[in-house]
Amino acid sequence: MLFSSISFLYYFFPIVLLCYFLVPKQVKNYVLLLASLFFYGWGESKYVFLMIGIISIGYVLGLAIEQNQGTNRAKLFLGIAVAVDVLALGYFKYADFFVGNFNAITGLSIPLLKIALPIGISFYIFQILSYNIDVYRGNVKAQKNPFLLATYVAMFPQLIAGPIVRYIDIEKQLKERTHSIELIASGIQRFIIGLSKKVLLANALGECCATFKASDEKSVLFFWMYAIGYMLHIYFDFSGYSDMAIGLGKIFGFHFMENFNYPYISRSITEFWRRWHISLGSWFRDYIYIPLGGNRVPKIRWMFNIFAVWFLTGFWHGASWNFILWGLYFVFFLLVEKMWLMPYLQKTKLGSHLYVLFFVMISFLIFDAVSLKEAVQNMAGLFGIGVEAWVSEESVYYLKQYLFLYIVAMIGSCELPKYCFLKLQEKKIARDVIAIARPVVLAAALLIVTAFLVDGSFNPFLYFRF
């Protein structure tokens, strides 16, 4: 079930909200858990039991780790927890990748398992891993109530596409949290903003990209439209979902971490990754990079640590060589920046912005390609290599059709709207007008989104692949 669907917006969510606020305080988490299991089971009924099984193992091993704190047994139980989670992820997500590559190397023909990827498994596995590791480190107490732990892992606002919420961040909120009209209103506003970003911007940009892929008349102009369009599409798609998740969390009294912070205004690739998919980057930093020694090791080892983190980051995104190459692509830029380029980037504001935008755009061509060959062809097409025309009638037609959308998306991806809004808030008259207009604008946005969804417009969600 998608957040951006009629079934969620007008059936599932209102019913859950009504039940949640009608029941006593001590029952609210159980309502949330049952709703979350139903939400996941709506599209993945058989994999609900897989998730419950993995949560159960994590629960038992968390208790065992705490009971044996400071002993070799605790290490053993942590090792079992990590092995179970990694093997589950490896089997369901990467088995066919390994079999296919083994066949290619050996010339054998071992049949592929053709296992369907459970939605959200990459996210909830990382949450359970962080829980068990934090219990081992003594950062949190093991959760004695299995239903509370299950509520944390299965909570539907962030279950299938993040942000990756750590148990340590919401441990207290699971037991005691505040509900208020102001928080609910703030959550609804954040949800509608995210929903609008997803349906009105990301989906329309996705249509343009799909049109490019289906075209037999690819010109240089069309390649650039696709590259820029996909770059904007993936941002509004994922950040829009994160906004919706954070907004839903607020409605139920939870405070999830921000996942995006205007990444396209960055002046270095290093800064970009502090602003993009923040929950994933911080997870790899705290559970992989720092335990490997971080940057407090000899230079060769430090370079290896960066390589390991970004190899895993790429591989986490998908069982394909283009994702691995995508991760290693960033290894190169991060090392170059840290060892040489950073002082030069700090001297030129415009140049550093253009540098980030161009090379991030190229990275997403690698990310979106179904093969390395396609990635190379798309990059070459930007410079007219292997392309018959620089401009075609079809590309001009779609440029006219989508130009306004591109301009709105570009403006929306930077801080200008936020800056203007804050400036307006400094004047009392503007504040009064905004207070009156806000609910009207939000209601209008919801109606427009609903019209698009009823019409059955293009509405996939990119990160369900992971």
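Is Arg 275 buried or exposed? Select the residue in this predicted model: Arg 275 is buried, with a relative accessible area of 16%.

**Stop 1**

Glu 271 and Arg 275 are four residues apart in helix α10, and so about one helical turn separates them. In general, residues three or four places apart in an α-helix point the same way, because the helix has 3.6 residues a turn.

**Stop 2**

Move to His 277, in the loop between α10 and α11. Its phi is near 45°, a positive value in a residue other than glycine. His 277 counts as buried, at 1% relative accessibility. Next select Tyr 262, in the loop between α9 (220-251) and α10. Tyr 262 also has a phi near 45°, again positive in a residue that is not glycine. With a relative accessible area of 19%, Tyr 262 is buried; the cut-off for buried is under 20%. As background, most residues other than glycine have a negative phi.

**Stop 3: salt bridges between separate elements**

The structure holds eleven salt bridges. Select Asp 286 and Arg 166, whose closest N and O atoms are 2.7 Å apart. Asp 286 belongs to helix α11 and Arg 166 to the loop between α6 (146-154) and α7 (167-175), so this pair ties together parts that are 120 residues apart in sequence. Both Asp 286 and Arg 166 are buried.

Then select Lys 198 and Asp 237, which form a salt bridge at 2.7 Å, N to O. Because Lys 198 is in helix α8 and Asp 237 in helix α9, the pair ties together parts 39 residues apart in sequence. Lys 198 is buried at 1% relative accessible area, and Asp 237 counts as buried at 1%. For a network of salt bridges, select Arg 190, Lys 197, Asp 243 and Glu 258.

**Stop 4: helix α12**

Select residues 299-317, helix α12. This helix has 19 residues and reaches 27 Å from its first C-alpha to its last, close to the 27 Å expected. Its buried residues include Trp 302, Trp 310, Phe 315, Trp 316 and His 317. Among the elements covering the buried residues of α12 are α4 (72-106), α5 (121-137), α13 (321-345) and α14 (349-368); α10 and α11 also contribute to that cover.

**Stop 5: a nonpolar patch**

Show the surface and select Leu 399, Leu 403, Ile 407, Ile 411, Leu 416 and Tyr 419, which make a nonpolar patch of about 520 Å². The elements giving two or more residues to the patch are α16 (393-412) and α17 (416-425). The largest share, four residues, comes from α16. Tyr 419 is in helix α17 and is partly exposed, with a relative accessible area of 48%.

**Stop 6: helix α18**

Finish with α18, residues 428-454. The helix has 27 residues and spans 39 Å from first C-alpha to last, close to the 39 Å expected. Centre on Ala 437, where α18 bends by about 35°; Pro 439 follows within four residues. Buried residues of α18 include Ile 434, Leu 442, Val 449 and Leu 453, and their cover includes α1 (6-22), α8 (181-214) and α17.

Select Leu 446 in this helix. Leu 446 counts as partly exposed, at 25% relative accessibility. Leaving aside neighbours within four places in sequence, Leu 446 is in contact with Tyr 10, Ile 192 and Leu 195.

Key:
Residues numbered from 1 in each chain as written. Predicted model: local features only at pLDDT ≥ 70, side-chain atom pairs only at ≥ 80, totals over all residues. Heavy atoms only, no water. Buried < 20%, exposed > 50% of the residue type's maximum accessible area, 1.4 Å probe, protein only. Contact = heavy atoms within 4.5 Å. Patch = residues over 30% accessible without salt bridge, like charges linked within 9 Å, V, L, I, M, F, W, Y side chains within 5 Å. Areas by Shrake-Rupley, 256 points an atom, 1.4 Å probe, with all protein chains shown as cover. Salt bridge = Lys/Arg side-chain N within 4 Å of Asp/Glu carboxyl O. Expected span 1.5 Å × (residues − 1). Bend = angle between axes of the 7 residues up to and from the residue.
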